[in-house]
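This note is written for a colleague who meets the structure for the first time. Please read the points below with the model in view.

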Amino acid sequence: MTTIAPYRSPAAPGKNGFRQALHAELTKFRTVRGWIIGALVGVLAMAGVGLLASAGGHSACQGVGVHGQQGSNSCQSGISFILGPNGEPVSDSFYFVRQPLAGDGSITVRVTSLTGLLPSANSGGQSDNVPGVEAWAKAGLIIKENLAQGSAYAAIMVAADHGVRLQWNYTGDTGGLAGAVGPANPRWLRLTRSGDVITGYDSADGAHWSQVGAVTLAGLPSAAQVGLFAASPDDSQSSQSFGGGTSTIGGGPTRDTAVFDRLSTSGGWPAGPWTGQYVGTPEIPGSVGYHQSGGQFTLSGQGDIAPVPAGHGGPADAAATVSDYLIGTFAGLLAVVVVAALFVTAEYRRGLIRLTLAAMPSRGRVLAAKSVVVAVAGFIAGLLGAGIAVLAGEAITRARGYYAFPISGMAEARVIVGTAILAAFASVLALAIGTIVRRSAATVATVIVVIVLPYFLAESGALPLSAGDWLLRITPAAGFALQQVYPAYHQVSMLYAPFSGYFPLAAWAGLAVLAAWTAAALALAAYLLRRRDA
Amino acid sequence: MSLALHAEWTKLRTLAGTWWLLLAAAALTIAVSAAAAAAFHCPPAGCTLQQTGADPAKIGFTGVFLGQVVIALIAVLAIGGEYGNGMIRLTLTAMPRRLTAFTAKALVTAAGALAASVLAVAGSALAGWLILPGKGLSAANGYVALSLGNAADLRAACGTVLYLTLIALLAFGVTTAVRDSAAGIGIVLGILLLFPIISAVIPDQALARHLEQLAPMTAGLYIQVTEGVRQLPLTPWQGLGVTAAWAAGALILGATVLRLRDA
């Protein structure tokens with residue numbers, strides 16, 4: 001009787017680690033034509049919808065003349081903004097009672113009243129004749145590099161509804177004493193220069209002073225313009241109506257009148273004659289000016305010293321923004337999510353999952369490998385889609401002669417990568433839900449309901465703004481915050497809504513919410529994959 | 001045909017998932033509608049019609065946005081499920097007249113969607129009728145309080161039921177054409193959401209208005225509008241006609257593809 005040795009393969013035993021799992025999953029993804037096509041559809045949808053929107057024309061020019069800081073009359077090339085010291089668009093027009101003062105010194109004044117006029121409801125925004133003061137009407141002390149619009153400055157002021165503020169170089173803003181100013185409740189303000197450092201102080205009684213803040217204006221020339229100012233931004237009350245669309249109620253130029261006394265200079269600054277002039281061009285000539293009687297200065301001002309926020313419903317309404325170019329993101333996400341869901345549900349449908357798990361018995365490793373593959377696929381699709389959308393959108397906008405809201409290349413790169421991260425997380429979420437649900441249609445529907453639908457409801461105004469904001473805080477759609485390109489300036493009244501590209505959460509917070517949902521779904525998926533028979 | 005209907009009805013009826021989804025469609029619609037009604041509050045300016053611009057019927061039927069996803073999912077699965085597990089080959093062997101089978105399946109699916117929609121809309125109307133007057137949207141402030149007793153709200157309610165049924169038919173046709181449930185639901189929801197998002201951002205008002213006139217969701221939901229009907233780009237029934245045209249187009253596409261292609 002002979003014993004027959006069983007056959008042994010001469011090949012070395014195969015390794016079964018994460019690298020092999022990754023390689024296997026990558027091969028699966030790469031070789032299914034439909035998935036590659038799906039990912040490409042995602043890229044095309046993301047870029048194509050954005051291009052469609054940016055090529056769709058910007059003919060809504062009626063509002064530009066009213067709200068535009070330049071009072072431009074044509075949309076084609078008429079919109080342009082003054083640029084601030086950091087290159088951002090700013091408004092810089094106000095009434096200025098000034099004198100040039102060299103070197104270091106200090107200026108102090110008391111504000112006893114800040115009143116104003118608002119456009120009446122039926123004047124069509126053309127005249128200002130209703131008593132009332134705009135929330136961000138401001139008056140106080142300013143030190144400014146020169147009289148050119150957009151030059152560097154630091155100012156301490158009372159704002160109608162926002163107490164004492166120290167503001168500098170258009171975007172900087174710090175709060176001081178709260179409360180509205182009035183004859184019974186005056187505010188003392190002081191601005192001190194020491195080299196490049198400007199320090200602002202406030203006081204309720206002129207005896208007890210507190211420092212509001214100190215800012216550095218790099219490169220401020222020795223001789224700077226110092227004095228009193230008054231400005232009152234245009235009034236525009238945008239509201240998003242239930243069921244879509246925005247409406248602008250009222251709107252138009254406003255005016256404020258501030259009364260100052262006890263004006264004094266000290267330190268190295270001598271007392272000198274004061275000159276009044278308007279920086280920029282007032283929207284209603286003749287309504288601005290100042291008069292001095294005794295020690296009392298009364299200034300009437302218009303305009304604003306502030307950044308111009310990007311987006312629809314604001315002064316830059318007609319300028320194309322990066323948010324516009326990226327409007328196709330949700331369409332791209334739909335395709336990417338379908339592919340990511342199919343990457344696991346197709347295995348269940350075809351029974352391939354049993355072969356996969358037989359070959360790679362460590363189920364957690366399989367899920368991890370699959371997650372990495374779809375995350376990379378989603379990231380690449382998002383990067384390409386957003387990159388094409390932004391670069392081509394800009395090129396088209398420029399080629400057609402429309403105005404594109406200025407943005408730094410760095411911010412552009414950040415939002416493109418942010419979109420790629422959003423797509424990567426959405427893909428992993430879809431994969432995790434697919435592993436839990438194991439049905440392709442139900443998975444896709446679920447992922448769309450949790451990511452795309454909240455975004456849509458918030459974006460299109462189908463829900464009240466507050467409800468939409470909450471959806472963008474707590475659902476995975478919070479990840480869309482990665483797409484906020486422009487900072488929201490709380491010192492400028494505007495409707496900072498999702499359709500203008502402003503989200504209720506900061507980019508990192510939105511990403512954290514999306515990541516938390518993804519991690520939770522992935523953990524549940526890993527648990528169920530281990531516990532259930534495939 | 002009646003045999004085909006009976007067969008399709010048996011298939012749909014005996015799947016546990018169908019009943020859960022129909023129930024989910026109604027429950028989610030009612031829940032979201034009630035939540036939207038409860039979340040409504042008048043702006044600080046005041047509560048009159050001019051100050052809020054609110055439309056009680058639109059608020060009361062907000063849940064349609066979520067409900068339509070489930071309704072579409074039901075329709076997608078009704079045909080996509082057969083392609084997923086190969087059942088379609090058995091169906092077409094038993095009923096070689098493909099258009100008969102397609103029509104029977106579409107009718108049964110639409111009937112299911114219609115039943116769920118009636119439940120969803122009735123529940124939403126009830127919730128809105130109970131909640132909204134307490135939120136200031138009452139006759140005292142110049143609104144026509146949400147109630148199925150007046151013609152406009154009745155039109156909104158019946159139209160919403162028809163809208164949801166048409167969405168089911170749209171989803172059914174699209175999924176028959178693509179033969180895959182995941183792609184089907186993705187495309188349907190893409191079609192529904194694409195137009196309103198684009199028209200919300202393009203600054204060209206005329207183009208945005210045209211897009212809204214073409215959009216199956218935006219135009220179709222004009223049927224819910226009871227305040228400011230004159231400002232709409234289309235009349236409510238014309239708007240629902242747009243959705244019907246989309247559904248008809250999808251059904252024709254699906255039927256043609258089913259007829260011409262191997263399953």
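The numbered points take up the two chains, the contact that joins them, and some selected residues.

1. Basis of the note. The model is a predicted one, in which local features need pLDDT of at least 70 and side-chain atom pairs count only at pLDDT 80 or more, while totals for chains, interfaces and linings use all residues. Residues are numbered from 1 along each chain as its sequence is written, and chains are lettered from A, with ligands numbered from 1, in the order in which they are written.

2. Chain A. This chain has 11 helices and 20 strands; helices (H or I, at least four residues) and strands (E, at least two) are DSSP runs, numbered from the N terminus. Along the principal axes, the C-alpha atoms of chain A fill a box of roughly 130 × 45 × 40 Å. Of its 534 residues, 52% are buried. A residue is called buried if 20 or more other C-beta atoms lie within 10 Å of its own, exposed if 12 or fewer do, and partly exposed in between, with C-beta atoms placed from the backbone. Among the contacts in chain A with a separation of 6 or more, 74% are between residues 24 or more positions apart. Two residues are in contact if their C-beta atoms, placed from the backbone, lie within 7 Å.

3. Chain B. Here there are 12 helices and 0 strands. The C-alpha atoms of chain B fill a box of roughly 65 × 40 × 25 Å, taken along the principal axes. The radius of gyration of chain B is 20 Å, which agrees with the value near 18 Å that a compact globule of 263 residues would have; the radius is taken over C-alpha atoms, and the globule rule is 2.2 Å times the number of residues to the power 0.38. In chain B, 53% of the 263 residues count as buried. Residues 24 or more positions apart provide 76% of the chain B contacts with a separation of 6 or more.

4. The contact between the chains. Chain A contributes 42 residues and chain B contributes 37 residues. On the side of chain A that touches chain B, α2 (33–55), α5 (329–350) and α9 (440–460) of chain A each supply at least two residues. The largest share of that side, 13 residues, comes from α9(A). By class, the side of chain A that touches chain B comprises 29 nonpolar, 10 polar and 3 charged residues. In this scheme Ala, Val, Leu, Ile, Met, Phe, Trp, Tyr, Cys and Pro count as nonpolar, Asp, Glu, Lys and Arg as charged, and the others, Gly among them, as polar.

5. A helix pair across the contact. How far apart are the axes of α9(A) and helix α5 (residues 64–85) of chain B? The axes of α9(A) and α5(B) are 11 Å apart, and the helices pack at an angle of about 155°. Axes are lines fitted to C-alpha atoms, for helices over the stretch in contact, and angles run from 0 to 180 degrees between N-to-C directions. The two helices are therefore roughly antiparallel to each other, a term for angles over 145 degrees. The crossing of α9(A) and α5(B) is right-handed, that is, the near helix is turned clockwise from the far one by less than a right angle. Residues of α9(A) including A441(A), I448(A) and L457(A) meet residues of α5(B) including F65(B), L73(B) and G80(B). The residues of this contact divide into 13 nonpolar, 1 polar and no charged.

6. Within chain B, the axes of α5(B) and helix α7 (residues 98–131) come within 10 Å and cross at roughly 160°. These helices are therefore roughly antiparallel to each other, and α5(B) passes α7(B) in a right-handed crossing. Among the residues that make the contact are G67(B), I71(B) and A78(B) of α5(B), with K105(B), G112(B) and A120(B) of α7(B). By class, the residues of the contact of α5(B) with α7(B) are 8 nonpolar, 4 polar and 1 charged.

7. V373(A). This residue lies in helix α7 (residues 363–399) of chain A. Is V373(A) buried or exposed? V373(A) counts as buried because it has 25 C-beta neighbours inside 10 Å. Not counting residues up to four places away in sequence, V373(A) touches E25(A), L26(A) and F29(A).

8. Y222(B). The loop between α11 (216–220) and α12 (236–260) of chain B holds Y222(B). With 26 C-beta neighbours inside 10 Å, Y222(B) counts as buried. Y222(B) touches L232(B), L234(B), P236(B) and G239(B), leaving aside residues up to four places away in sequence.

Technical notes: Angles under 35 degrees count as roughly parallel, over 145 as roughly antiparallel, 65 to 115 as roughly perpendicular and the rest as oblique.
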